[in-house]
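Please look over the sequence and the model before reading on.

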Amino acid sequence: MGRSRFKFHEEYYPYFITCSIVDGIMLFHDPQVASIIIEAMNYMQEQSSVRLYGFVIMPNHLHLIVESNDLSNKIRKFKSYTARQIIDSLTKRNRRILLSQIKKARVTKKVESDYQIWQEGSYPKQIDTEIKMTNYLKYIHYNPVKAGFVDSSEDWRYSSMRNYLGIESDYLNAIYKG
C-alpha cells in the first residue's frame, strides 16, 4: 500500500505546510489577526518543542517549515487555538463583515461551531534534502513579491526572511526563534 501524498510520515524531518483560510478570505490583512498567528507560532516553539525554520503569513494563507514529533497533532492544535482566538478577536472588535464571511464559508457538516477559519488539511511535504529546504525557504520568502505586495522579500512584515538576512525587525525578533 502506497503512502498518502499529504501525510506526516517520519517525525525526524522538517515539513513544508500550507494553512489556508476558508474561501480565501483575507483575514491576515488585519494586524491583530496576524499577531494571533505570530504569538501562536511563538508558543509552538517555546512550549510544544516545534522547530520553526521559516514562515510567511499572506493575506489568506500561511506557509510554515516546521519540525517536531507528533507534528500533525501540534498543527491541529495550532489551527484550533488560532481559530478560537481569531473569532474572539473579531467578535470583540465587532468586525461583522468578516464574521459574516467566515460564517457563510463554514463547511455545513461542521456543526460544532458557527464559524470556520481554516480549510481542512495542511498539505505537508516532507523536506529530506538541503536542496528541498533551500527551495522551500526561497518559495515562501518570495511569495509576497510574487503576489505584488512588496518589491523585495525582506520588505514583507510577516516573514522570516528578515531574520535570515540578519535585519533588525522589532515586530518579529521578539517572537521568531528560528
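**A guided look at the sheet and its helices**

Six of the seven residues of strand 2 are buried, so strand 2 is largely enclosed by the rest of the structure. This is a predicted model, and the turns below begin with the sheet.

Q: In what order do the four strands of the open sheet lie?
A: The strands of a sheet pair through backbone hydrogen bonds, either parallel or antiparallel. In this open sheet of four strands the pairing is antiparallel, and the order is 2-3-1-4.

Q: Which strands stand at the edges of the sheet?
A: The order of the open sheet is 2-3-1-4. A strand at the edge has a single partner strand, so one side of it is left without a neighbour in the sheet, and this holds for strand 2 (51-57) and strand 4 (125-126).

Q: How many bridges join strand 2 to strand 3?
A: Strand 2 and strand 3 form a hairpin with three residues between them. In strand 3, Ile65 is the bridge partner of Gly54, while His63 stands opposite Val56. The two strands run antiparallel, and the number of bridges that join strand 2 to strand 3 is six.

Q: Which residue stands opposite His63 when strand 1 pairs with strand 3?
A: Strand 1 and strand 3 pair in the antiparallel sense over six bridges. Within strand 3, His63 has a residue standing opposite, and that residue is Thr18.

Q: What is the bridge partner of Tyr15 in strand 4?
A: Strand 1 (residues 15-20) and strand 4 run antiparallel and are joined by two bridges. For Tyr15, the bridge partner in strand 4 is Gln126.

Q: At about what angle does helix 1 run to strand 2?
A: Helix 1 lies across strand 2 and strand 3 (61-67), and its angle to strand 2 is about 170°.
Seen from strand 2, six of its seven residues are buried, so this strand is largely enclosed by the rest of the structure. The angle asked for is about 170°.

Q: Are helix 1 and helix 2 roughly parallel or roughly antiparallel to each other?
A: Helix 1 (residues 31-47) and helix 2 (residues 71-92) pack with their axes 10 Å apart, at an angle of about 150°. Angles over 145 degrees count as roughly antiparallel. Helix 1 and helix 2 are therefore roughly antiparallel.

Q: How many nonpolar residues does the contact of helix 1 with helix 2 have?
A: Helix 1 passes helix 2 in a right-handed crossing. The residues that make the contact include Ile36, Ile37 and Met41 of helix 1 and Phe78, Tyr81 and Ile86 of helix 2. By class, the contact has one charged residue, four polar and, as the number asked for, eleven nonpolar.

Q: Is the crossing of helix 2 and helix 3 left-handed or right-handed?
A: Helix 2 and helix 3 (residues 96-105) pack at an angle of about 140°, with their axes 8 Å apart, and they are therefore oblique to each other. Ile87, Leu90 and Thr91 in helix 2 meet Leu98, Leu99 and Ile102 in helix 3. The crossing in which helix 2 passes helix 3 is left-handed.

How values were computed: Residues numbered from 1 in each chain as written. Predicted model: local features only at pLDDT ≥ 70, side-chain atom pairs only at ≥ 80, totals over all residues. Heavy atoms only, no water. Axes fitted to C-alpha atoms, helices over the stretch in contact; angles between N-to-C directions. Parallel < 35°, antiparallel > 145°, perpendicular 65-115°, else oblique. Left-handed = near helix turned anticlockwise from the far one by under 90°. Contact = heavy atoms within 4.5 Å. Nonpolar A, V, L, I, M, F, W, Y, C, P; charged D, E, K, R; others polar. Pairing = 2+ DSSP bridges. Buried < 20%, exposed > 50% of the residue type's maximum accessible area, 1.4 Å probe, protein only.
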